[in-house]
Amino acid sequence: MTSALTDAPAPTRTVRAPRDARVLLIQVRGQEKALVHERYCVLEHVHIAAESLVTHNVIFEPDIRWDDVRDADVVLIGGSGDHSATDDEAFTEPLAAVTQRLYDEGVPTFGICWGHHFMARALGGTVITDPESEEVGCFEVYMRPAAALDPLMSSFSNRFPANLVHHDRVAQLPSMAVDLAYSEACPYQILRYGDGMAYSTQFHGEMDADELRTRLSMYRESYVSDDQLQAVLDSLRETPEAQQVLQRFFDLLG
């Protein structure tokens with residue numbers, strides 16, 4: 001069952017959702033602190049009303065069904081600090097079926113980091129754990145030629161910084177995926193699936209630098225050794241264009 005957001009801080013920025021969209025955030029987190037923080041960051045950077053956001057955490061409720069998502073106008077598939085989309089877990093098959101139906105039904109869907117990996121896998125691509133391509137810190141993202149014609153990305157710069165924390169990456173695209181951006185280490189940073197409003201990003205556009213530092217502290221042992229920690233924290237910086245991608249996605253929905 002989905003639940004309304006009642007336990008996160010109120011967002012500090014102006015709510016300017018163009019309509020009363022019902023937004024479902026699918027979460028993949030076992031830590032309550034991380035759950036609350038992720039919800040807060042979505043509200044803070046998407047500017048939707050708190051009462052419009054409901055959540056479903058597949059760690060605690062793995063048997064997600066279409067009935068759990070059918071009332072949503074928009075679905076977000078969030079990140080995960082301690083799960084890999086390469087693994088088969090109790091929620092993998094049910095969530096993959098839901099993700100495929102979201103695409104088939106044309107429901108606007110946006111995947112972030114782990115959600116980026118899972119969307120690609122669920123829709124027919126492959127995901128791998130690749131230490132050579134991992135990115136923990138701030139990195140430049142470069143637009144592919146297709147971005148110039150894309151309704152979401154055409155107004156963005158040809159390159160911009162983004163904050164990233166990942167070991168896995170998309171290795172092979174689903175047949176309907178459009179490659180929109182890359183970084184020097186990671187070939188697929190932004191994907192569109194088909195011609196509708198289904199997108200995913202490797203980077204975290206729902207967090208500013210301080211928020212990512214907070215999130216990283218919750219999963220530090222999974223990503224950063226003690227001797228690397230300060231350098232990673234220092235590398236994180238404000239990424240205004242990366243943070244506008246998710247809001248622009250909602251703006252396009254009208």
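**Entry 1: terms and ground rules**

I call a residue buried under 20% relative accessible area, exposed over 50%, and partly exposed in between, using a 1.4 Å probe and protein chains only. With that in hand, I looked up Glu105, which is partly exposed with a relative accessible area of 48%.

I keep in mind that this is a predicted model: local features need pLDDT of at least 70 and side-chain atom pairs count only at pLDDT 80 or more, while totals for chains, interfaces and linings use all residues. Residues are numbered from 1 along each chain as its sequence is written, and side-chain values use heavy atoms, with hydrogens and water left out.

**Entry 2: salt bridges**

I count a salt bridge when a side-chain nitrogen of Lys or Arg is within 4 Å of a carboxyl oxygen of Asp or Glu. My search of the whole structure turned up twelve salt bridges.

Which residue forms a salt bridge with Glu105? I found Arg101, with the closest N and O atoms 3.3 Å apart. Both sit in helix H3 (residues 92-105), and being four residues apart they are separated by about one helical turn. Helices (H or I, at least four residues) and strands (E, at least two) are DSSP runs, numbered from the N terminus. Arg101 is partly exposed at 35% relative accessibility.

Next I looked at Asp73 and Arg22, whose side chains meet at 3.1 Å, N to O. Asp73 is in the loop between helix H2 (66-69) and S4, and Arg22 is in the loop between strand S1 (3-4) and S2, so this pair ties together parts 51 residues apart in sequence. Asp73 is partly exposed at 22%, and Arg22 is partly exposed at 46%.

Arg237 lies in the loop between helix H7 (226-235) and H8, Glu140 lies in strand S7, and 97 residues separate them. Through shared partners, salt bridges join Glu140, Arg159 and Arg237 into one network.

**Entry 3: aromatic pairs**

Rings of Phe, Tyr and Trp (its six-membered ring) pair if their centres lie within 6.5 Å; planes under 30 degrees apart count as stacked, over 60 as edge-to-face and the rest as tilted. I found eight aromatic pairs in the whole structure.

Tyr199 lies in strand S12 and Phe249 in helix H8 (residues 240-252), so the pair ties together parts 50 residues apart in sequence. Both Tyr199 and Phe249 are buried. I also noted one aromatic cluster made of Phe110, Tyr199, Phe249 and Phe250.

**Entry 4: nonpolar core**

A nonpolar core is a set of buried Ala, Val, Leu, Ile, Met, Phe, Trp, Tyr and Cys residues joined through side-chain atoms within 4.5 Å. The largest one has 34 residues, and those that touch the most other members include Phe160, Phe203, Phe249 and Met153. Which element gives the most to this core? My answer is H8, with five residues.

Finally I checked Met153 for contacts, meaning heavy atoms within 4.5 Å. Leaving aside neighbours within four places in sequence, Met153 is in contact with Met143, Ala147, Phe160, Leu180, Ile190 and Val245.
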